[in-house]
Amino acid sequence: MAEQHSPRSLIVTLYGAYGRSPDGAPLAVAELIRLLDALGVDAPSVRSSVSRLKRRGLLVAERTARGAAGYALSAQARQLLDDGDRRIYAPAPPGIADGWVLAVFTVPESERHKRHLLRSRLGRLGFGTAAPGVWIAPARLREETGHMLRRLELDAYVELFGGAYLGFGATADAVARWWDLPAIAGRYEEFLAVHEPVLRDWEARGEDGGEGGGEGGRERSARDAYRDYLLALDSWRALPYADPGLPAELLPPDWPGGRCAEAFARLHDLLRDPAREFVDGVLSEE
């Protein structure tokens, strides 16, 4: 099964994994092109996607220490990536006792475009729809929701509430109404169909003692690790937003989310450091 990876998404994934140095140093355009080439993205697509990300306020044009043209993350992008880390790398579902956050909004008819924007962004964060104008998510999303509302200047239209579900229907039945669980499960299954075979292949390589082949073999292995890791991360990072960490007690018994999270965690443990070797090699080139 083939997956679709847009150049823009891959660039964001690359910055999230390897482009957040403490000093905020930019990545050179030439470095971005080499790193994206390893993922099958050509130079014109990289340049076009970087321009779009700059227009959206996520990348800022800066010169590198060597004077080359480059791009650094904006403060807004860093906040988005920091918020995302809590989902991508620590996706353990909460329990029912952790409660819920409710977003209740009213937007004047004269500003109905903001109503559409609110619905869209709450949906992207993983909120379900409890009733018209009432959206619900696990309580742990409260801080991230506040960041989004303030960033888009939508906080004046929204009231946030925290609490517990008091009935009258079974909570599992309510969750099945608020979220499209079959669609979310389908996305998990798609991830597993593509990336579980990749995981099995890398685990088999480890059991066989690696590829060998001297320096060239190690370089190929690092490049392969980078490619497989970035593609898996690019696919995975959207899933904790589709499923915002719904309590396991409320999900079907054959829910694939746990298996999917375990597969990604194992790929992360196996490939992140070898992939870093490839990235560091590209960034050290003159």
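User: Buried means under 20% relative accessible area, exposed means over 50%, and partly exposed lies in between (1.4 Å probe, protein chains only). What is the relative accessible area of R8?

Analyst: This is a predicted model in which local features need pLDDT of at least 70 and side-chain atom pairs count only at pLDDT 80 or more, while totals for chains, interfaces and linings use all residues. Residues are numbered from 1 along each chain as its sequence is written, and side-chain values use heavy atoms, with hydrogens and water left out. R8 belongs to helix 1 (residues 7–18), where helices (H or I, at least four residues) and strands (E, at least two) are DSSP runs numbered from the N terminus. R8 is classed as partly exposed because its relative accessible area is 32%.

User: Which residues form the positive surface patch?

Analyst: A patch takes residues with over 30% relative accessible area and no salt bridge, joining like charges within 9 Å and nonpolar side chains (Val, Leu, Ile, Met, Phe, Trp, Tyr) within 5 Å. Areas follow the Shrake-Rupley method with a 1.4 Å probe, and for residues only the protein chains shown count as cover. Lys and Arg count as positive, Asp and Glu as negative, with His and the chain ends not counted; each charge is placed at NZ of Lys, CZ of Arg, CG of Asp or CD of Glu. The positive patch consists of R8, R52, R55, R56 and R124.

User: Which residue's side chain makes a polar contact with the side chain of E111?

Analyst: E111 sits in the loop between strand 4 (100–105) and helix 5 (112–125), and it is partly exposed because its relative accessibility is 22%. A polar contact is a pair of N or O atoms within 3.5 Å; within protein, one must be able to donate a hydrogen and the other to accept it, and residues adjacent in sequence count only if both atoms are side-chain atoms. At 2.8 Å, the side-chain partner of E111 is Y157.

User: The side chain of R115 reaches which backbone oxygen?

Analyst: R115 is part of helix 5. With 18% relative accessibility, R115 counts as buried. At 3.0 Å, its side chain reaches the backbone oxygen of V107.

User: How many residues apart are R20 and D85?

Analyst: In a salt bridge, a side-chain nitrogen of Lys or Arg lies within 4 Å of a carboxyl oxygen of Asp or Glu. R20 and D85 form such a pair, with the closest N and O atoms 3.0 Å apart. R20 is in the loop between helix 1 and strand 1 (27–28) and D85 in helix 4, a link between distant parts of the chain with a separation of 65 residues.

User: Are E144 and R87 buried or exposed?

Analyst: E144 and R87 form a salt bridge whose closest N and O atoms are 3.0 Å apart. E144 is in helix 6 and R87 in helix 4, so the pair ties together parts that are 57 residues apart in sequence. Both residues are buried.
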